[in-house]
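User: I'm new to reading protein models. Could you walk me through this one, a feature at a time?

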Amino acid sequence: MIALLIRDLRLAVRAGGGFGLGLAFFLIVVTLVPFGVGPQGDILARIAPGILWLGALLACLLSLDRIFALDYEDGSLDLLVSAPIPLEGVVVMKALAHWLTTGLPLVIAAPVFGLLLHLPGDAQGWLVLSLLLGTPALSVLGTFGAALTVGLKRGGLLLSLLVLPFYVPTLIFGAELVSRGAQGMATQIPLLMLAGITAASVALIPFAAAAAIRVNLR
Amino acid sequence: MAADPASGLRVENLAVARGGLAVLEGVSFALAPGEALVLRGPNGIGKTTLLRTLAGLQPALAGEVSVPPESIAYAAHSDGIKATLSVAENLRFWAAVHGTRDISEPLSQMNLETLAERPANSLSAGQKRRLGLARLLVTGRPIWMLDEPTVSLDTDSVALFARVIADHLGQGGSALMATHIDLGLVSSRDLDLTPYKARAPEAGGISGAFDEVLS
């Protein structure tokens, strides 16, 4: 299964693999927002947690349809299903590869982007922590959406519509954690909720996604 | 590549469906180690559907399949080749997935040694096909399910492929294939699927999942 992870990472960094797509999209959102809402530091600082989380979420959404679609088209998915590794394990590795290529770069780059939006210094740590806790849930939930729509031509639209409702709780608690952190309020509740959502998704979604793939390959 | 001599494939009264409609019913045959069975029949009769069902990619409508676990290697029209990886990287990945290590022998058997470091997107259609068949060797599984394995192979490569299959059969493996080309295998039988064409449900045939909805 590690071989699958290594292959997916290798494919992502090779030509046309889509690595950096999410990061570039995140950068575009964050640099364009001050042009749209004006350069006043206090307004930007107030909306920064929401904008940053929204940018991360949409950046994640952008690359979801690649998770299984490419493997479906070239027949790899058929072969992986008949390989001696559990399909649930394949799903976990796919989600992990997606997180390593889109979620993790966002987490690392977030402090720089926070600076661009006048996010207060003490909220930077909360931003990184919230993205670190929340983006794995985005990848895993997105993998489920990708599994449901695998085999559909141009399934991207349906995928986005299916996945967005699942992303709402993560978005709410992630952004809430950052804005509470920025205002110096108690952060325990959104922190625990965010961690809980991620833990539950990672534990349950691979089984649902594997079942969806089996149905879609028929 | 050594196969368990006791491993064989037995199919009894199998019915398969494509797109929710039954295409074949009552298919029964046995495939012993060392044997090759060539599926014959017109386009659309259900050769691919039968192979996919036996490979475990879709459920059967009815009937029984007995086969040792994890003994079937499936190769279809698309071979799961990643265009941006090199030939050796593609093979090494499948070797790791199947827990086998050696890719040099499959490379030389399919005459791919000189291409090993080339990215797969620079291969010709026939070379890609040979890479796909090398992947079969890498799986180390005894029963091969081959769907049109000789498409886009030239005569030399077909002969090479026939030798690889003959070797595989000689080592106790077996092969079930849908092909229109005569590979000249000694221990090969034909199975014509035309008599197994599924009857309409009104005529007493098995009904697929959609039939009840439609009627």
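## Where the two chains meet

Analyst: Let's start where the chains touch: 21 residues of chain A are in contact with 20 residues of chain B. Keep in mind that this is a predicted model.

User: Which elements of chain A give two or more residues to the side that touches chain B?

Analyst: Those are helix H1 (2-13) and helix H5 (76-81) of chain A. H1(A) gives the most, with five residues. Sorted by class, that side of chain A has ten nonpolar, five polar and six charged residues.

User: At what angle do H1(A) and H2(B) cross?

Analyst: Their axes cross at roughly 155° and come within 8 Å. Angles over 145 degrees count as roughly antiparallel, so H1(A) is roughly antiparallel to H2(B).

User: Which residues make that contact between H1(A) and H2(B)?

Analyst: From H1(A) you have Ala3(A), Leu4(A) and Arg7(A), and from H2(B) you have Phe93(B), Ala96(B) and Val97(B). By class, this contact has five nonpolar residues, no polar ones and one charged one.

User: Now each chain by itself, please. How many helices and strands are there in chain A?

Analyst: Chain A has nine helices and zero strands. Written along the sequence, that gives α-α-α-α-α-α-α-α-α. If you boxed in its C-alpha atoms along the principal axes, you'd need roughly 55 × 35 × 30 Å.

User: What share of chain A is buried?

Analyst: Buried residues make up 49% of its 218 residues. Another handy thing to look at is how far apart in sequence the touching residues are. Take the contacts in chain A between residues at least 6 apart in sequence: 81% of them join residues at least 24 apart.

User: And what is the secondary structure of chain B?

Analyst: Chain B has six helices and eight strands. From the N terminus on, they run β-β-β-α-β-β-α-α-α-β-α-β-β-α. The box for the C-alpha atoms of chain B is roughly 60 × 35 × 35 Å along the principal axes. Of its 215 residues, 41% count as buried. As for contacts in chain B with a separation of 6 or more, residues 24 or more positions apart account for 75%.

User: Can we go back to H2(B)? How does it pack with H4(B)?

Analyst: Helix H2 covers residues 87-97 of chain B and helix H4 covers residues 125-139 of chain B; their axes are 9 Å apart, at an angle of about 30°. Angles under 35 degrees count as roughly parallel, so H2(B) is roughly parallel to H4(B). The crossing is right-handed.

User: Which residues in H2(B) and H4(B) meet?

Analyst: On the H2(B) side, look for Val87(B), Asn90(B), Leu91(B), Trp94(B) and Ala95(B). They meet Leu131(B), Ala134(B), Arg135(B), Val138(B) and Thr139(B) in H4(B). Sorted by class, you get seven nonpolar, two polar and one charged residues.

User: Let's zoom in on one residue of H2(B). What does Ala88(B) touch?

Analyst: Ala88(B) lies in helix H2 of chain B. Not counting residues up to four places away in sequence, Ala88(B) touches Ile103(B), Ala116(B) and Glu117(B). Ala88(B) and Ser104(B) are 16 residues apart in sequence, with 8.9 Å between their C-alpha atoms. A residue needs 20 or more C-beta neighbours within 10 Å to be buried; Ala88(B) has 19, so it counts as partly exposed.

Technical notes
Residues are numbered from 1 along each chain as its sequence is written. Chains are lettered from A and ligands numbered from 1 in the order in which they are written. This is a predicted model: local features need pLDDT of at least 70, side-chain atom pairs count only at pLDDT 80 or more; totals for chains, interfaces and linings use all residues. Helices (H or I, at least four residues) and strands (E, at least two) are DSSP runs, numbered from the N terminus. A residue is buried if 20 or more other C-beta atoms lie within 10 Å of its own, exposed if 12 or fewer, and partly exposed in between; C-beta atoms are placed from the backbone. Two residues are in contact if their C-beta atoms, placed from the backbone, lie within 7 Å. Axes are lines fitted to C-alpha atoms, for helices over the stretch in contact, and angles run from 0 to 180 degrees between N-to-C directions. Angles under 35 degrees count as roughly parallel, over 145 as roughly antiparallel, 65 to 115 as roughly perpendicular and the rest as oblique. A crossing is left-handed if the near helix is turned anticlockwise from the far one by less than a right angle, and right-handed if clockwise. Ala, Val, Leu, Ile, Met, Phe, Trp, Tyr, Cys and Pro count as nonpolar, Asp, Glu, Lys and Arg as charged, and the others, Gly among them, as polar.
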